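Please consider the structure shown below together with its sequence.

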Amino acid sequence: MELSVEYIRIAAYLGAGISVGLGAITTGIGSGIIAGEGALGVMRQPKANDQLFRTMLIGQAAAQTAGIFALVISMLLIYGGFDITEGGWYRAAALLAAGLAMGIGAFGPSLGAGYSGGEACKSVARMPKHGNAIMGNMLIGQALSQTSAIFALVVALLLLYSVPNQPIGLSVGKILLKSISLIGAGMAIGLGTIGPGAGIGYVAGKANDMMGKFPKERSKIMRTMFLGAAVSESTAIYSLVVAFLLIFAV
Amino acid sequence: MDNITLAQGIVKAAALLGAGMCMGMGALGPGVGEGFVAGKACEGIARSPENASLITRTMLVGQAVSESTGIYSLVIALLLIFST
């Protein structure tokens, strides 16, 4: 099949839609959880209004990170100047795969950051005196759960800018093989970040919750949180390795 | 293997897409499960800090066991990439 610039555009626009469309789902849910818990907290503890409002806004901003990554990738796909036929079918597949990677990859991390922020708001309402310690822990937990979104962003950017051009005179079989392998790389890192992102978010949420109930055990809770989050992250790293292999070693 | 037939290309492409899906979906369960273990461990340590080392040990053993399915996915993905 002869490649024309239309095919590249089809891939880029589809990728852009998938990226921000899927990425927005849990970003919205996560921010909503935080706002809901914030509102409940104000009901319970109207005096801590200011502190709760601050925690809620900062938590929501951090939970939006993955959604913003998805927006950046889809802007790059639309306006990044990819409508040239130079890269061949490899380029078309890579553009679609970048959208898939970032769109699906935003799922877990934003859900996790949302849960973490929600529990933090609940905790601040329970113990306004320790509000700053809880907010610090919330931000650390959200940053930990966003690491897998950053893996997805790295793979999406590599797919946009580092995929080699298709050499001339290849058989159809070889072209198909490499193109599908690029899409597989996007799926590997996209799906692979859902579990770790959501899991680390759960750890951070529980840590925030317990910090509000037992503020004296702060250092022990944080240590367990870091240890548990690091172990949960391992599967995201396996996915990253498989995605790199599919992009560069096939 | 620059000039393979279409059929060979489709077979290998299916294996590679399968590898990506395998690792991606295989990472879902262990990630959520390990996170759940660690979350409950945080709760337990906060409630009874004197048992911290016992709880940490249980957490790590539990996470290692739930990690195993992630490692199975990694093995299958590597097999699909390199030995088909």
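In chain A, 90% of the contacts with a separation of 6 or more are accounted for by residues 24 or more positions apart, a contact being heavy atoms within 4.5 Å. This is a predicted model, in which local features need pLDDT of at least 70 and side-chain atom pairs count only at pLDDT 80 or more, while totals for chains, interfaces and linings use all residues. Residues are numbered from 1 along each chain as its sequence is written, chains are lettered from A and ligands numbered from 1 in the order in which they are written, and side-chain values use heavy atoms, with hydrogens and water left out.

The secondary structure of chain A consists of nine helices and zero strands; helices (H or I, at least four residues) and strands (E, at least two) are DSSP runs, numbered from the N terminus. Along the sequence the pattern is accordingly written α-α-α-α-α-α-α-α-α. Taken along the principal axes, the box filled by the C-alpha atoms of chain A is roughly 70 × 30 × 20 Å. Chain A has 250 residues, of which 58% count as buried. Here buried means under 20% relative accessible area, exposed means over 50%, and partly exposed lies in between (1.4 Å probe, protein chains only).

Gln60(A) belongs to helix α2 (residues 49-63) of chain A. With a relative accessible area of 17%, Gln60(A) is buried. Not counting residues up to four places away in sequence, Gln60(A) touches Ser31(A), Ile34(A) and Ala35(A). Ala97(A), in turn, is placed in helix α4 (residues 89-105) of chain A, and its relative accessibility of 0% makes it count as buried. Which residues is Ala97(A) in contact with, leaving aside its neighbours within four places in sequence? They are Leu159(A), Leu182(A), Ile183(A) and Gly186(A). Ser219(A), by contrast, is 122 residues from Ala97(A) in sequence and 42 Å from it in space, C-alpha to C-alpha.

The contact between the two chains takes 46 residues from chain A and 49 residues from chain B. The area buried between them is about 3800 Å², with carbon and sulfur atoms giving 77% of it; buried area is the accessible area (1.4 Å probe) that two parts lose on being put together, summed over both. Of the area that chain B buries against chain A, Leu16(B), Cys42(B) and Ala46(B) supply 13%, more than any other three residues.

Polar and charged interactions also cross this interface. Nine residue pairs are in polar contact between chain B and chain A, both residues being at pLDDT 80 or more. A polar contact is a pair of N or O atoms within 3.5 Å; within protein, one must be able to donate a hydrogen and the other to accept it, and residues adjacent in sequence count only if both atoms are side-chain atoms. The rule finds one salt bridge across the interface, that is, a side-chain nitrogen of Lys or Arg within 4 Å of a carboxyl oxygen of Asp or Glu. Glu43(B) forms a salt bridge with Lys206(A), and the closest N and O atoms are 3.3 Å apart.

On the side of chain B that touches chain A, α1 (6-26), α2 (28-47) and α3 (52-82) of chain B each supply at least two residues. The largest share, 16 residues, comes from α2(B). By type, the residues of this side divide into 31 nonpolar, 11 polar and seven charged; Ala, Val, Leu, Ile, Met, Phe, Trp, Tyr, Cys and Pro count as nonpolar, Asp, Glu, Lys and Arg as charged, and the others, Gly among them, as polar.

The aromatic rings complete the picture. A search of the whole structure finds five aromatic pairs over all chains. Rings of Phe, Tyr and Trp (its six-membered ring) pair if their centres lie within 6.5 Å; planes under 30 degrees apart count as stacked, over 60 as edge-to-face and the rest as tilted. The pair of Tyr202(A) and Phe36(B) is stacked, because the ring centres are 5.0 Å apart and the planes are at 20°. This pair joins two chains, since Tyr202(A) lies in helix α8 (residues 194-213) of chain A and Phe36(B) in helix α2 of chain B. Tyr202(A) is buried, with a relative accessible area of 17%, whereas Phe36(B) is partly exposed at 43%. Tyr115(A), Tyr202(A) and Phe36(B) form one aromatic cluster.
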